[in-house]
Amino acid sequence: MIALEYPDLLEALLPAESAGNTFAVADPATGEILGRVTNNDVAAARAAIQSASAAQPAWAAHPALARGRILRRLAELLLQHQNDLALILTREQGKPLSEARGEIAFAASFFEWFAEEGRRAYGEVIPAPQGDKRLLTIRQAAGVAAAITPWNFPVSMLARKAAAALAAGCAMVIKPAEQTPLSALALARLARNAGLPDGLLPVITADRDNTPAIGEEFCRNPAVRVLSFTGSTRVGRQLIAQSADSVKRLALELGGNAPFIVFGDADLDAAVAGALVSKFRNAGQTCVCANRILVHESIFDTFAEKFVAAAARLKVGNGLDAGVEQGPLIDARALEKVQALVDDAIDKGARLLLGGKPHALGRTFYEPTVLTDVTPAMRVFQEEIFGPVAPLIRFSSETEAAELANATEAGLAAYFYSRDAQRIFRFAEVLQYGMVGINSAMISLPEAPFGGIRQSGLGREGARLGLEEYLDVKYLCIGQDQ
Ligand code: NAP
């Protein structure tokens, strides 16, 4: 069990020995079963959608200011319970406690942002082409939304969706990832404490066997007007196909394959520090993390030396232990995939500069790994690695860097380091990505639009645009036709 200052946050967690319709939640660092939660089925999802449909009109009728007060209160409660929430997050997900605390603060920032932004769901007055008409638009809550969230950022991904949906006047039915249901349940509990009316934020926990049917219900149920998903491109495609009959509005944050490009004129130490945090944060299990590190040939060897030295110093261990910078991978399947990608690269001619195998700590711990002589033929170049493996690739010109960077179907985040002002705009425009970090590896902020292009998804989260996903535009034409 998890010892909390405020145990009610885990009121839904059942003892490990519970029988019945439940599934186990484990600590990836130790394998300990933390407890069990309800394994919901389609009927439960349908009932939650129905209750959300009943509760949503009254919520939408609440003035935006009143909705915002509840959301702001929720932000305050998240911060007030930051220690407990971070502990839950580290225990079920594995990330270091300092990163978990950061994620709780990041989650709170979305409720704070959208508490205000909901008050700015402005309509427009449109100049009419004829004197006897008045044209205007209003923006109204879309209705019930559903969200499917991943395990890598189980609190902030949920917050980024729910804060926008609730601010717009929608209800949101949540299906968290199998591995991390506790963080979602704790957040929902705090939402209730903040004064959110019943039925508006139900959490439908389910294991991976029950999930596909629940996902299909979200897609096909006509009462769900918006489906917001963060996860793999593979599942995202499936949700698009399943949503065709109900013509659902989809907001999809899918996989990435971020290039991290270091030009010869870059501040080398800043680039090394940026690449390190981008690559190894959350043990590399981040959709926007550096997946391919492209370095100009003039500085390649120096960069590689500094980067390897810094990666070798990373402290790997249980996220609860002081000073740990890299926790375990989420599960054994993740470890197998990472090893398979490293083996494929080595088979095809890559060389290991660091790591390359499971960590001596065992279980799902993996060594911080750096590969060189990586080519586009290797899986580490083509696929999202989702592990602490940094492939280094040498380039000789800006044109070649752009070609390599864009040689993927993904289009989520890209990064480059350069001190050449001309190049900064020129190169940013050439990159086929939804987000570009320039001399910056940490780009996610509630004020900024997060999202991808190409196969990385549809729509944006956060920022002013994040609210739009949950609003319908209604055009009013007032006049006399005769
Ligand atoms: P995943 O398999 O797609 O799982 C994500 C969520 O989808 C989980 O809640 C999962 O539930 C659910 N799911 C799985 N199969 C489903 C189905 N057939 N129908 C409906 N829901 C289904 O992704 P993952 O590999 O665990 O997570 C990592 C992926 O998420 C990476 O590709 C990463 O890039 C992406 N991601 C993207 C962003 C972004 O903002 N673009 C942010 C974070 C992560 P179960 O756990 O119960 O199977």
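A: Happy to: we'll go through ring pairs, then charges over rings, then a helix contact.

A: One thing to keep in mind is that this is a predicted model.

Q: Okay, how many aromatic pairs does the structure hold?

A: There are 10 of them. Take F106 and F110: their ring centres are 4.8 Å apart and their planes are at 70°, so this pair counts as edge-to-face.

Q: Where do F106 and F110 lie?

A: Both are in helix α4, which covers residues 97-117. They are 4 residues apart, about one turn of the helix.

Q: And are those two buried or exposed?

A: F106 is buried, and F110 is buried too.

Q: Which residues do ring pairs link into a cluster?

A: That cluster is made of F263, F395, F416 and F427.

Q: New topic: what sits over the ring of F450?

A: The charged end of R160 does, 3.8 Å from the ring centre. Elsewhere, R394 lies over the face of F300, with 4.1 Å to the ring centre.

Q: Now helices. How do α13 and α14 cross?

A: Helix α13 (residues 398-406) and helix α14 (residues 421-430) have axes that come within 10 Å and cross at roughly 35°. The crossing is right-handed.

Q: Which residues meet there?

A: From α13 you have E398, A401, A402 and N406, and they meet R423, R426, F427 and V430 of α14. By type, the contact has 4 nonpolar, 1 polar and 3 charged residues.

Notes
Residues are numbered from 1 along each chain as its sequence is written. This is a predicted model: local features need pLDDT of at least 70, side-chain atom pairs count only at pLDDT 80 or more; totals for chains, interfaces and linings use all residues. Side-chain values use heavy atoms; hydrogens and water are left out. Rings of Phe, Tyr and Trp (its six-membered ring) pair if their centres lie within 6.5 Å; planes under 30 degrees apart count as stacked, over 60 as edge-to-face and the rest as tilted. Helices (H or I, at least four residues) and strands (E, at least two) are DSSP runs, numbered from the N terminus. Buried means under 20% relative accessible area, exposed over 50%, partly exposed in between (1.4 Å probe, protein chains only). A charge sits over a ring if NZ of Lys or CZ of Arg is within 6 Å of the ring centre and within 35 degrees of the ring normal. Axes are lines fitted to C-alpha atoms, for helices over the stretch in contact, and angles run from 0 to 180 degrees between N-to-C directions. A crossing is left-handed if the near helix is turned anticlockwise from the far one by less than a right angle, and right-handed if clockwise. Contact means heavy atoms within 4.5 Å. Ala, Val, Leu, Ile, Met, Phe, Trp, Tyr, Cys and Pro count as nonpolar, Asp, Glu, Lys and Arg as charged, and the others, Gly among them, as polar.
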